[in-house]
Amino acid sequence: MLETSARLLRLLSLLQTPRDWTGAELADRLAVSTRTVRNDVERLRNLGYPVHGTRGAVGGYRLGAGAALPPLLLDDEEAVAVAIGLRTAAGGTITGVEETSLRALTKLEQVLPARLRRRVDALKQYAVAVPRDDLGPRVDADTLSAVAAACRDHERLRFDYRSHDGSESLRETEPYRLVNWGRRWYLVGFDIERSDWRTFRVDRLHPRTPTGPRFTPRDLPEEAVDQVRRGVSSAAWRYRAQVVVHAPAEQLAERINPAIGTITPVDDTRCLLDTGADSIEALAVHLGLLGFDFTVTEPTELVELVRALADRYHRATGPRPQVTRAWCESG
């Protein structure tokens, strides 16, 4: 039989599993009586752990949320995952959490068993990140939390917004989802004044308080991630094109990165690719590398460039010139 302190830790570990435990189940796991389980549950409550209990045939015990965060018990894999996550957060894209993450990481590493500390130290010492050419924007943690809370509570969000061209405006939205794409955060929301869905860079907005009234969530016409892809592409690309690709949408999706564009099925053998680039030349090259036949009808400059490239490639693969070898003999 486990000693009382060890048994309490074992009981706490079981209760941290997100499910209801009957007294009989806990007694069986701990090899004690149900009366001992009731006494141990009361000890945990006195230590500040909010253990909720219900009576009846389907009753049981569950660990709830309290006013203060109690100590957590982590298994080996969970502890390593938390350590890696904290180290990543310390150098991430959200300002205001770096110092907090390092503080939490220091506390965690201090109590890690030697076997786990070696695994974490090995990752720290031998895993090197390549510096990015573009460090990207930093998002304030308080701003991110405020936007997420408005999404959760279905409250209108008013904020000052700076567009990519530098212009500033006051926007009022029904916030729907936060989307993280690489080192950027985006808000997908319904713009009240424009009566349409919009995508906003979180690092360019400053929430106003208090938040607005509650709203009934609308049905987003497409997935939030697809909404961001489409919105970001529209703002970032200088040249855009919709190209009919003569291949099933599933096959094309396997060959391109989702950031390149959005794919819409036309039928079993064709799909529509909405894509773009900073130059017509780059756009033409990307299309040529798809690995499938395609039809492009606009913009006009892209059509003309594709024709010119086709003629150039045709000339480059024309008949090879005859090479005559002259042999010279002397005797």
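How many aromatic pairs does the count come to in this structure? In this predicted model, the count comes to 5 aromatic pairs.

**Aromatic pairs and cluster**

Phe159 and Phe200 form an edge-to-face pair, with 5.2 Å from centre to centre and 80 degrees between the planes. This pair links distant parts of the chain, since Phe159 belongs to strand β5 (residues 157-162) and Phe200 to strand β8 (residues 196-201), 41 residues apart. Phe159 counts as buried because its relative accessibility is 0%; Phe200, at 2% relative accessibility, is therefore also buried.

The ring centres of Tyr161 and Phe200 lie 5.1 Å apart with their planes at 80 degrees, so this pair is edge-to-face. Here too distant parts of the chain are linked: Tyr161 in strand β5 and Phe200 in strand β8 are 39 residues apart. Tyr161 and Phe200 are both buried. Together, Phe159, Tyr161 and Phe200 make up one aromatic cluster.

**Arginine over aromatic faces**

Two arginine placements are described here. Arg177 lies over the face of Tyr176, at 4.6 Å from the ring centre. Arg255 lies over the face of Phe292, at 4.4 Å from the ring centre.

**Nonpolar cores**

The largest nonpolar core contains 21 residues, of which Val243, Val245, Leu252, Leu273, Leu287, Leu290 and Leu302 touch the most other members. Elements that contribute two or more residues to this core are β10 (239-245), α9 (249-255), β12 (271-277), α10 (280-288) and α11 (300-316).

Leaving aside residues up to four places away in sequence, Leu273 touches residues including Val243, Val245, Leu252, Leu287 and Leu290. A second, separate core has 16 residues, among them Leu8, Leu15, Trp21 and Leu44.

Key
Residues numbered from 1 in each chain as written. Predicted model: local features only at pLDDT ≥ 70, side-chain atom pairs only at ≥ 80, totals over all residues. Heavy atoms only, no water. Core = buried A, V, L, I, M, F, W, Y, C linked by side-chain atoms within 4.5 Å. Buried < 20%, exposed > 50% of the residue type's maximum accessible area, 1.4 Å probe, protein only. Helix = DSSP H or I, 4+ residues; strand = E, 2+ residues; numbered from the N terminus. Contact = heavy atoms within 4.5 Å. Phe/Tyr/Trp six-rings, centres within 6.5 Å; stacked < 30°, edge-to-face > 60°. Lys NZ or Arg CZ within 6 Å of the ring centre and 35° of its normal.
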